[in-house]
Amino acid sequence: MNELVVGVSQDAGVPGDVEANLELMVRSIDEAADRGIELLVFPEGFLTGYFLPELVPASVPEAQWAVDRLQRLARSRKIGLIFGMIEAVNGQCCNVAVAISRDGKTVARYTKRALFGSWERRCFVGGRNVAVFQVGAFRVGLLICYDVEFPELVRELAVDGVTLVVVPTALMEPYNAIAEHMIAARSLENQIFVAYANRCGVENGLRYVGKSVICGPDGSILAQAGGGERALISARLDVEEIKNAKFEASYLDDLKRLHAADPAGMPGN
């Protein structure tokens with residue numbers, strides 16, 4: 001199968017309340033499975049809460065029991081899941097994204113590399129790993145929020161053959177332009193799909209902008225949520241659309257030619 005139905009759950013979680021957030025996730029998973037969604041994405045830190053101002057390793061909410069339940073639910077509903085959470089690892093806090101397959105196995109765990117602002121840099125240790133895995137015909141790569149704002153990190157995945165970049169995020173005011181413009185640009189400049197799952201509502205004083213979006217390899221917006229409300233958006237992705245987007249010109253292939261060319265022989269020199 002060349003197609004994959006991807007969904008994004010935009011919601012306002014409860015800071016630090018794993019049980020309440022799990023209930024919200026279960027509701028979205030049931031709705032998504034009933035709609036035929038095969039891969040469902042939740043926002044950054046959604047299971048545990050993202051902005052926990054006094055965060056230290058000892059205060060990280062224990063959530064492995066909830067991850068275990070999500071694995072069982074993924075298996076019973078035959079739906080892949082990607083969600084954000086905070087973990088305490090070796091005495092340090094990590095901002096991670098977890099990917100669970102349709103058969104309930106954890107297939108990737110990614111730690112956010114680009115830390116945004118003084119709070120994140122104080123609380124989290126940045127990751128160094130790249131997370132790539134297969135879902136049907138799609139090679140999927142994970143980034144978290146601020147990561148996607150660096151074209152180099154998305155290009156790194158695209159060069160590795162990733163066809164769908166999934167981005168759990170917690171984009172707050174006043175940075176609406178990221179969701180409104182940058183995500184489509186990342187799709188277009190790499191000729192890949194991007195699914196961007198943002199939070200909505202308010203969390204410990206942070207007001208999130210919503211506007212979760214799924215973009216196609218030509219930069220088109222395939223689905224987008226509104227600014228303030230809970231939403232479940234979805235799109236049917238076809239890997240053949242990437243070939244269509246590259247029919248006239250492939251940015252990645254042409255970039256290789258630019259790198260290989262003698263600058264003195266390039267037009268304009």
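Tutor: We will take salt bridges and accessibility in turn. This is a predicted model, in which local features need pLDDT of at least 70, side-chain atom pairs count only at pLDDT 80 or more, and totals for chains, interfaces and linings use all residues. Residues are numbered from 1 along each chain as its sequence is written, and side-chain values use heavy atoms, with hydrogens and water left out.

Student: What makes E3 and R236 a salt bridge?
Tutor: A salt bridge is a side-chain nitrogen of Lys or Arg within 4 Å of a carboxyl oxygen of Asp or Glu. The closest N and O atoms of E3 and R236 are 3.3 Å apart, so the pair qualifies. E3 is in strand β1 and R236 in strand β14, 233 residues apart; helices (H or I, at least four residues) and strands (E, at least two) are DSSP runs, numbered from the N terminus.

Student: Why is R236 called exposed?
Tutor: Buried means under 20% relative accessible area, exposed over 50%, and partly exposed in between (1.4 Å probe, protein chains only). R236 has 52%, so R236 is exposed. E3 has 32%, so E3 counts as partly exposed.

Student: How do you know that D34 and R77 form a salt bridge?
Tutor: Their closest N and O atoms are 2.8 Å apart, so the pair meets the 4 Å rule. D34 lies in helix α1 and R77 in helix α2, so the pair ties together parts that are 43 residues apart in sequence.

Student: Why does D34 count as exposed?
Tutor: D34 has 62% relative accessibility, which is over 50%. R77, at 28%, is partly exposed.

Student: How many salt bridges does the rule give?
Tutor: The count comes to 18.
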